[in-house]
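Open the model and keep the sequence beside it. We will go through strands, then a ligand site, then a second sheet.

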Amino acid sequence: MTYLKRLPRFEYLGPQSLAEVCGMIAGTSRDEVMLLAGGTDAILQMRRRERVPRRVIGLKGVAELDFVREQADGGLAIGAMTTLRTLLASPVVGRRYDLLRETAAQIGGNELRNVATVGGNIAGALPCADMSPALMTLGARIRLSSGRGDRWLPLEEFFPEFGRTVAADDEVLAEISLPPPASGGAGTYLKFHDRHSMDMTVVGVSAYVVRDERSRTFGDLRLAYANGAPTVFRAKRAEAVLRGRALTEEGLEEAAETACAESSPRTSWRANGEYRLELIRALTKSAIRQAWEKASSRQEARP
Amino acid sequence: MNDLIPVSLRVNGVRYDIAIRPWRTLLEVLRETLGMTGTKRSCGEGQCGTCTVLIDGKAVNSCLYLAVEAQGKEISTIEGPPEGDPALEQIQRSFVAKGAVQCGFCTPGMVVATRSLLSEIAEPSEDEIREALVGHLCRCTGYVQIVEAIQDAASQLAHKGGD
Ligand SMILES: Cc1cc2nc3c(=O)[nH]c(=O)nc-3n(C[C@H](O)[C@H](O)[C@H](O)COP(=O)(O)OP(=O)(O)OC[C@H]3O[C@@H](n4cnc5c(N)ncnc54)[C@H](O)[C@@H]3O)c2cc1C
Ligand code: FES
Ligand code: FES
């Protein structure tokens, strides 16, 4: 019985700065060293003995990675150690990145959101992670730091395969950066799960619509999925189906069908692949429609 | 590997200088090292809420928190501070009065989470109460009495002028 097990033995380090973290992981391998952010998944991985690190590096003391700030270009910068609670409470997130607030509110309960971090949600590379699809549709870029310096890459290039990221063993996810919200843009995250937000997502869909006000068509559409495939991914062919078109039932149907063709959901005890495809079809249509309606009502509400 | 490391934990306002192993969770240290068995363990994986304690006033699952990482923070448990905590005591009286305690195993976690909820929202709506408790399971009561108990505690505390 896993739940009765104690954690495997490890040595613990509690660095206070990003530079210290980079120094500590330089030249180490992921088998020996594990980063622990909120720990809400890392601790369970150790309890199940999926990871048995010799050394654990706790990031809770690295205050410089805990921030949410507006950038000069009107975009947003989020530190990897920002908790989901901090994200939810952030005024700028509520005002300008409603999709993020909506997504974070659907993850776990207070006890989880008070410690789980945005960085841990992404870097864990779980196909069911909810923040990753929302951030992808917002055009997120991420900053990886190491003793060798920093590099930036689009979040959509972060997950090469199930459970893995392209980060090297000596790299830490430090920051997530979002472009300014598009004018006429609005997003919705819909997920299906058993027990309110307390259970892992069966399928999640993030839809971000940019509505062209004059032509009343989709200026842009971005779709990303949790548990639609072995990794979180963007369904770019489905996105292309609706661009330049008005909202119609047939268009939605076609986009949802294309998204299903791009997906490869797995079968597990939670749900079989066919059922997940049904969810992808249904949630894709609802998410696009809801995002479109949000975008429209905002344009109409403007003076 | 160096095993025991010295840590200083503040629990319910009292400082404890102890030596612990770094792989121990806060839940294990509270129960086994400090003998504070009010905080319960059930699932050990963040699902049930019986292990809830407050860290700097915020509810967390102590089964998913390393004790070493709780250093320098204010930990509050169901045992409460030695000088007493009127709000914590009122919540417990309301739980008893409203029949929200049956086997009682979920109660410490529920009470501690309520303590945090009421310090943020003095008179929460039923929706706010249910939202605050999504991470807590009770196999006995069916939750209705728990919601009533929290509403009762909120109104009793509001009439006394809060804490
Ligand atoms: C009861 C329960 C319910 C849950 N519900 C949901 C849910 O609804 N949706 C959801 O998406 N998730 C859910 N989760 C999973 C998990 O809690 C979240 O994904 C959480 O955001 C992980 O963040 P963390 O800070 O706790 O990460 P940790 O557990 O600390 O880390 C996760 C992984 O990422 C690595 N890592 C962490 N930070 C970094 C970094 N900065 N750089 C590089 N690597 C890093 C760690 O080494 C580890 O492998 C749930 C978990 C529980 C226990
Ligand atoms: S024992 Fe911690 S949540 Fe169940
Ligand atoms: S009273 Fe028995 S579990 Fe809640």
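Which residue of strand 5 of chain A stands opposite Arg69(A)? Ala77(A) does. This is a predicted model, where local features need pLDDT of at least 70, side-chain atom pairs count only at pLDDT 80 or more, and totals for chains, interfaces and linings use all residues. Residues are numbered from 1 along each chain as its sequence is written, chains are lettered from A and ligands numbered from 1 in the order in which they are written, and side-chain values use heavy atoms, with hydrogens and water left out.

Stay with strand 5 of chain A, residues 76–79. Strands here are DSSP E runs of at least two residues, and helices are H or I runs of at least four, both numbered from the N terminus. Two strands pair if DSSP finds at least two bridges between them. Strand 4 (residues 68–70) of chain A runs antiparallel to strand 5 of chain A, and 3 bridges join them. Their hairpin has 5 residues between the strands. In that hairpin, Gly74(A) takes a positive phi near 90°. Strand 5 of chain A also pairs with strand 8 (residues 172–178) of chain A, antiparallel, over 4 bridges. There, Gly79(A) stands opposite Glu175(A).

In a regular strand the side chains alternate between the two faces of the sheet. Both faces of strand 5 of chain A are covered. Leu76(A) and Ile78(A) are buried on one side, Ala77(A) and Gly79(A) on the other. Buried means under 20% relative accessible area (1.4 Å probe, protein chains only).

Now turn to ligand 1. Residues from chains A and B surround ligand 1, so the site is shared between chains. The residues around ligand 1 number 37, taking a residue as near if one of its heavy atoms lies within 4 Å. Leu35(A), Thr40(A), Ala42(A), Thr117(A) and Asp130(A) come nearest. The shell divides into 19 nonpolar, 13 polar and 5 charged residues; Gly counts as polar in this scheme.

Next, the oxygen atoms of ligand 1. A backbone N or O atom of Gly38(A) lies 2.7 Å from one. A polar backbone atom of Ala42(A) is 2.6 Å from an oxygen atom of ligand 1. A polar side-chain atom of Thr117(A) also lies 2.6 Å from an oxygen atom of ligand 1.

Finally, chain B. An open sheet of 5 strands has the order 2-1-5-3-4, with mixed pairing. Strand 2 (14–20) and strand 4 (58–61) of chain B stand at the edges, each with a single partner strand, so one side of each lacks a neighbour in the sheet. Strand 3 (residues 52–55) of chain B pairs with strand 4 of chain B, antiparallel, over 4 bridges. Leu54(B) stands opposite Ala59(B) there.

Technical notes: Buried means under 20% relative accessible area, exposed over 50%, partly exposed in between (1.4 Å probe, protein chains only). A polar contact is a pair of N or O atoms within 3.5 Å; within protein, one must be able to donate a hydrogen and the other to accept it, and residues adjacent in sequence count only if both atoms are side-chain atoms.
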